[in-house]
Amino acid sequence: FVPLSLPMRTPRAVRLQVMTEPPRGGTSRTEAKEDKDDDPKALSPESDYLLQTEDFTRQWKKPEQHSLEVPRVRHTVLSERDYHRLEAIIFQDDATEGSEEATVLQRRVSLPNIPIPPRLARPGVAWQHHHHATVNLVRQHRNQKHDGPIQFITNIINRPQLVSTCSEWKRLEKHAEYIGTTHLKDLLQDRERCDEMYATHDGVYLDYSRQRVTLETMKFLYALAEKQNLKGQIDKMVKGDKINFTEDRAVLHTALRAERALTGTVMVDGVDVIAEVHQVLDQVKVFTDGVRSGQIRGYTGKRLRNIVSVGIGGSYLGPEFLHECLKTEPEGINSALGYSLRFLSNVDPVDVERTCADLDPEETLVVVVSKTFTTAETMLNARTMRQWLWDFMGNDKEVVKKHMVACASVSAIDNVRKFGIDTDRYFFRFWDFVGGRYSVCSAAGAVPISLLYGFDLFEKFLQGANSMDKHFLTAPYDRNIPVLMGLLGVWNMSFMNYKARTTLPYAEALLKLPAHIQQLDMESNGKTMTKHGLEVDYPVGEIDFGEAGTNGQHSFYQLLHMGQTVPCDFIGFVQSQHDFCLDGENLSSHDELMANFFAQPDALATGKTADEVRAEGVPPGLVGHKVFKGNRPSLSLLLPKLTAYACGQLLAIYEHRTAVQGFMWDINSFDQWGVELGKKLAIDVKGHLLNARRSEEEVETSNPATTRLLNYYVNNSRRICQEAPYNPITSVTRKTHREHASAPLPPLPHDLGGQEGRLT
Ligand SMILES: O=P(O)(O)OC[C@H]1O[C@](O)(CO)[C@@H](O)[C@@H]1O
């Protein structure tokens, strides 16, 4: 071969690359993957190749039968080795130009210029090699009929690589070794560093000086963010690109809180997203105002005062987190007077009992929240609630129409209708582009929260989230709160190897935030497959847990201080929802709480040395037990006050942090295939249980362990079921309304009366 260098063969000369042959020996030498959305620009400039091809069938001997329709574009990933064995790629150059094949192809397929892959510019692996192969192949084809599919290679782009192969990642790995030699107590003495390590927006203050990072670390992280086109990926998300590619869906929870003025700016499949969002919000307002004013009443004409929100996962955790925040918020307290809201999520019948025990069905409105309206737990609970309503008010379709409403995806409308809910008036839709765990700003949160607190308060929550969205979209990386938190998350997980993370709100009203974040983050980033179909070789997806401070301090902080290192998010507020200062106390109770909020991060960061312990007079045998090594990272978020608005800000911060980490890791944070297998196996088990209950036969499953365990359950429960205790007051769901009439009455709810259910 004559070594040829790149300038000798310009891209013009390779403007058309023709075909691959079916692999010799019948086995595929390539690994095919369909991927319509791959963006060549985003791919790593590393060695392997991704061939973008267009398939069609062609018969070489009969030109009139050439079919040049392009049924699909396909990306075929080739390893380097396979690439070099691919003799059948025809690099059409001068020699073939003008030939019958070239003419046909050039006329019918318009192809972009193809850059010569770097491998081909190397001595010995150059053009001539391919040219010879081409000529031979063309000769072969002229002499034999070939009816197989032909792939026209329209482009060669570099094969995607794991982000861990890029230089920015490797630099951070190296840098982590250096950071391993530093201690936070020293880093915290660096004033210049500490003065840089904060960001603020609209009252939210983030301090990350207690992270195990230097200013240089941050620079390296920003460089990685650039490499990953983080800003571009964020923009794609909010524009409505279908970045959830495994489900072919856009990801538009930000549109749920966008202003009405933006109508017409986000379109998905021809739908004006913002217009739709505001239509539903208007519908929610009219409905919830109607219920709260007493215009909309129950089947027997009573006011609807008890709201039961039936849903699980994202259809429950976000709304419950928000509910808990507003419960003690002064505006929330006032607007909820006379109403109650409960969540029924667990399919455990005990949850039904706990939810319904002291409720009056005639005053109860059931909101079924389920994006798919097929989730087994939610649907059983919804049917149970329907039965409960029927039991009390009679088996009438109108009972369902007046006491049950649905928040579900547009595509679930038939299921909602079949259930008996009035889809013309009481179906509050959201869309496929809203993931369950990102749905609290949709009807999923809007309906139950507005019923209890009024729509105006819910709107303030949306405004808070919107304010953070704007900051997220516009602030530079080094001033962008969710981006900083996301990058630090990546740093801690993938470079410092801290596998868990904890959320510690110093606010009782945020007690459900950790549970919401747990789902948000672990369902989003608990994956190992990158969007390019490669398995990660770096740690991703933290274990998230948490607890309201100071309760956590008396529970698991022992481990945080002396056990494994777990990066902590401390969340506090300048002002309490309710503060008081007892006579004889120097500080208010909120100051007492916040003293812990400030002290814990320093204790974690600086620790206590053996010398310090000894200086306290601790006996030598105990010194080791009382040493705090410190050097444990945390960040602090300080907000003015826990209002509906602040709740929205917090929600958006954490939603965006999750997305940032997914973008950095090349993970699709918006699907959740990992929940499928368990669901499927539960269906199988239900089949076994049904057989066992009907036939009294032994259960037989695919493995002896499950068989033994199931039989233990079935055999023992046969006996226990006969002895099941039954409480006529609380076991409401199993009785008819007639039977209830003779049973002791459930406790009466207060009749508060007055306008909008408020005490007058
Ligand atoms: O809203 P749905 O469709 O009932 O789903 C409930 C939850 O179930 C999940 O799909 C997990 O099983 C979550 O992602 C979702 O939030």
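Is Ala507 buried or exposed? Select Ala507 to begin: with a relative accessibility of 10%, Ala507 counts as buried. Here buried means under 20% relative accessible area, exposed means over 50%, and partly exposed is in between (1.4 Å probe, protein chains only).

Before moving on, note that this is a predicted model, in which local features need pLDDT of at least 70 and side-chain atom pairs count only at pLDDT 80 or more, while totals for chains, interfaces and linings use all residues. Residues are numbered from 1 along each chain as its sequence is written, and side-chain values use heavy atoms, with hydrogens and water left out.

**Stop 1: around Ala507**

Ala507 sits in the loop between strand S17 (500-505) and helix H19 (513-525). Helices (H or I, at least four residues) and strands (E, at least two) are DSSP runs, numbered from the N terminus.

**Stop 2: salt bridges**

Side chains of opposite charge can pair when their charged atoms come close. A salt bridge is a side-chain nitrogen of Lys or Arg within 4 Å of a carboxyl oxygen of Asp or Glu. By this rule the count is 30 salt bridges.

Select Arg210 and Asp602. Their side chains form a salt bridge with an N to O distance of 2.8 Å. This pair links distant parts of the chain: Arg210 is in the loop between strand S9 (204-207) and helix H7 (215-227), Asp602 is in helix H21, and they are 392 residues apart. Arg210 is buried, because its relative accessible area is 16%. Asp602, at 32% relative accessibility, counts as partly exposed.

Go next to Asp414 and Arg417, whose side chains meet in a salt bridge at 3.0 Å, N to O. Both residues lie in helix H15 (residues 413-419), three residues apart, which is about one turn of the helix. Asp414 is at 43% relative accessibility and so counts as partly exposed. Arg417 is also partly exposed, at 45%.

A further pair to select is Glu247 and Arg249, with a salt bridge of 3.8 Å, N to O. Arg249 counts as partly exposed at 23% relative accessibility.

Then select Arg501, Asp521, Glu542, Asp544, Asp569 and Arg657 together. Salt bridges link these residues in a network.

**Stop 3: aromatic pairs**

Rings of Phe, Tyr and Trp (its six-membered ring) pair if their centres lie within 6.5 Å; planes under 30 degrees apart count as stacked, over 60 as edge-to-face and the rest as tilted. The structure holds 19 aromatic pairs.

How are the rings of Phe545 and Phe556 arranged, edge-to-face or stacked? Their centres are 5.2 Å apart and their planes are at 75°, so the pair is edge-to-face. The pair links distant parts of the chain, eleven residues apart: Phe545 is in strand S18 (residues 543-546) and Phe556 is in the loop between S18 and helix H20 (557-562). Phe545 is partly exposed, with a relative accessible area of 25%, whereas Phe556 counts as buried at 18%.

Phe556 and Tyr557 form a tilted aromatic pair, with 5.6 Å centre to centre and 45° between the planes. Both Phe556 and Tyr557 are buried.

For a cluster, select Trp169, Trp491, Phe495 and Tyr538, which are linked by ring pairs.

**Stop 4: backbone details**

Thr550 is in the loop between S18 and H20. The peptide bond from Gly549 to Thr550 is cis, with omega near 10°.

Now select Asp202, in the loop between strand S8 (198-201) and S9. Phi of Asp202 is near 50°, a positive value in a residue other than glycine. Asp202 is partly exposed, with a relative accessible area of 38%.

Asp666 is the next stop, in the loop between helix H24 (644-665) and helix H25 (676-695). Its phi is near 65°, a positive value in a residue other than glycine. Asp666 is buried, because its relative accessible area is 7%.
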